[in-house]
Amino acid sequence: MAFNAEAFLQQSVDAANATTFEVCPEGEYLFMVDTENDTINVRELSRVSAKTGNPYSFHVLEVQCVCLDDKVRTQLGRDKVRVRASMNIDLDDAGRLETGKNKNVSLGQFKDALSQNVPGWSPMKLLGAGPFMGRVKHNTSAKNPQQKFAEIVATARVS
């Protein structure tokens, strides 16, 4: 059936809409990296140091992952439950990923869980990768304490 914008604008809704979004429960679940276009993003963030008051910036790699647990999908009433894995990344002056000692350890752990911690890797190889085990924790929004965000905070290979 084709969407009819005029009919939509004239409809009467007989129930209130939800005002909160349920997120993946905390725990350990099987995941895979999503395959959609917005799955992998790199963002530059700017902050002000609480200690010095000086501004600084850093880069974050965000990867959307899909929970493969049927119980979670049923509990949340969704076909696809996405949870973000977020890693600060160290870049050199040319914008290339650093690989030295104590550099990009979280990314290395994520890649290792996917058997991708090898030479010749590129971030786009993450698309559709998995499965892997991910530990989900909740964070609370600084702007709205009622709003929770689920995030994958640890990963491991599936044996």
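Predicted model: local features only at pLDDT ≥ 70, side-chain atom pairs only at ≥ 80, totals over all residues.
Q: What makes D34 buried?

A: The relative accessible area of D34 is 3%. Since buried means under 20%, D34 is therefore buried.

Q: How do you know that K80 forms a salt bridge with D34?

A: The closest N and O atoms of K80 and D34 are 3.1 Å apart. A salt bridge requires a side-chain nitrogen of Lys or Arg within 4 Å of a carboxyl oxygen of Asp or Glu, so the pair qualifies. It links distant parts of the chain, 46 residues apart: K80 is in the loop between α2 and β4, and D34 is in the loop between β1 and β2 (40–48).

Q: What do the side chains of D34 and R82 meet in?

A: They meet in a salt bridge, with a distance of 3.0 Å from N to O. R82 belongs to strand β4 and D34 to the loop between β1 and β2, so this pair ties together parts that are 48 residues apart in sequence. R82 has a relative accessible area of 29% and is therefore partly exposed.

Q: Why are D70 and R73 separated by about one helical turn?

A: Both residues are in helix α2, and they are 3 residues apart, so about one helical turn separates them. D70 and R73 also form a salt bridge, in which the closest N and O atoms are 2.1 Å apart. R73 counts as partly exposed because its relative accessibility is 23%.

Q: Which residues do salt bridges that share partners join into one network?

A: The network joins D34, E36, D38, K80 and R82. The structure holds 10 salt bridges.

Q: How many aromatic pairs does the count come to, and why is the pair of F31 and F132 called stacked?

A: The count comes to 5 aromatic pairs. In the pair of F31 and F132, the ring centres are 5.8 Å apart and the planes meet at 25°. Rings pair if their centres lie within 6.5 Å, and planes under 30 degrees apart count as stacked; the pair is therefore stacked. F31 lies in strand β1 and F132 in strand β5, so the pair ties together parts that are 101 residues apart in sequence. F31 and F132 are both buried.

Q: What makes the pair of Y56 and F58 stacked?

A: The centres of these two rings are 6.0 Å apart, with 25° between the planes. Y56 counts as partly exposed because its relative accessibility is 41%. F58, with a relative accessible area of 22%, is therefore partly exposed.

Q: Which residues do ring pairs link into a cluster?

A: The cluster consists of Y29, F31, F110 and F132. In the largest nonpolar core, which has 28 residues, C24, F31, V33, C65, F110 and F132 touch the most other members. At least two residues of this core come from each of β1, β3 (55–67), α2 (70–76), β4 (82–89), α3, β5 and β6. Leaving aside residues up to four places away in sequence, F110 touches V33, V63, C65, A85, M87, L126, F132 and T155.

Q: How do you know that the charged end of K111 sits over the ring of W121?

A: The charged end of K111 is 4.2 Å from the centre of the ring of W121.

Q: How many bridges join strand β1 to strand β5?

A: Strand β1 (residues 27–33) and strand β5 (residues 132–140) are joined by 5 bridges and run antiparallel. Two strands pair if there are at least two bridges between them, so β1 and β5 pair. Among the partners in these strands, Y29 is bridged to G134 in β5. Strand β5 is also joined by 9 bridges to strand β6 (residues 148–157), and these two run antiparallel. T140 stands opposite K148 in β6.

How values were computed
Residues numbered from 1 in each chain as written. Heavy atoms only, no water. Helix = DSSP H or I, 4+ residues; strand = E, 2+ residues; numbered from the N terminus. Phe/Tyr/Trp six-rings, centres within 6.5 Å; stacked < 30°, edge-to-face > 60°. Buried < 20%, exposed > 50% of the residue type's maximum accessible area, 1.4 Å probe, protein only. Lys NZ or Arg CZ within 6 Å of the ring centre and 35° of its normal. Core = buried A, V, L, I, M, F, W, Y, C linked by side-chain atoms within 4.5 Å. Contact = heavy atoms within 4.5 Å.
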